[in-house]
Amino acid sequence: MPDMPSAEAAKSAPQRVPSRRERFRQATIDEIKMYAREQMAAGGPASLSLRAVARDMNITPSALYRYFSGIDDLITALCVDAYHAVGDAVGAAVGELPEDDHVGRWRAYANSFRGWALANPSDFALIYGTPLPGYKAPPEITQAAAFRYLSVALRTVASAVAAGAIDLERSLLTYTPDLDPDLVAHWDKLGLHLDPQVAAITAGAQVTVQGHLTLELFGHFNWLRNDIDHVWEGHLRAMMIAMGFDPQELPAA
């Protein structure tokens, strides 16, 4: 029997180069998404139209169906891209800090989430804003991508709880969530064997992050004359106190 290739040999094996046809197809898909994002930036996610994308690309609308089965398929692809982008942003930010810097890592998570949202307001609106009429995201396609940023949040909170940086007795988020068994099973597969209160703390903190950003991005802080960065710092500090961090360990707002 011939020897099986080693893992190192498999890793070093040359990767298949995409064919010219495959490269052209991917470039066209990327161009379609680019024009779709421009539409969202100009008129919000509800303004998306395959006909308008085709007009911007100077092709017939029917040509787009070679790449997307319809507007829902395009929206789903944009949602997946957005979830991966925010997952990349928070994962990179948290990963830059030492594992025992629990205050710094949660601040990095929240600040990088905000940074991504401010840089990509139409993507934020697409996945966290008003649901698009008639569109329902297919969970078998979007769920794994959507879970990436949440996985970073859950691991960051769970690590802080395990180290005592978050005191469950001090946390103001004391309800016990009744979690979906399928979700718990999914977490278990990823090695996230969580105390339900960890999920409650993470959910409560995420509500604060997304709630602030919804008001900030959609112009609902116009009545404030304060520096919004300072307002954010106040909300971030209040959030972390509610989570159960020691107020003495937190930067002043």
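Modeller: Of the 253 residues in the protein chain, 42% are buried, meaning under 20% relative accessible area, with over 50% counted as exposed and the range in between as partly exposed (1.4 Å probe, protein chains only). This is a predicted model, in which local features need pLDDT of at least 70 and side-chain atom pairs count only at pLDDT 80 or more, while totals for chains, interfaces and linings use all residues. Residues are numbered from 1 along each chain as its sequence is written, and side-chain values use heavy atoms, with hydrogens and water left out.

The protein chain holds 11 helices and zero strands; helices are DSSP runs of H or I with at least four residues, and strands are runs of E with at least two. The C-alpha trace spans about 70 × 60 × 35 Å along its principal axes.

Now the part you asked about. The domain assignment gives domain 1 as 19–68 and domain 2 as 72–243, with bounds that come from an automatic or database assignment. Taken over C-alpha atoms, the centres of domain 1 and domain 2 are 29 Å apart. Where they meet, 12 residues of domain 1 are in contact with 11 residues of domain 2, contact being heavy atoms within 4.5 Å. Between domain 1 and domain 2 about 1000 Å² is buried, and carbon and sulfur atoms give 76% of that area. Buried area here is the accessible area (1.4 Å probe) that two parts lose on being put together, summed over both.
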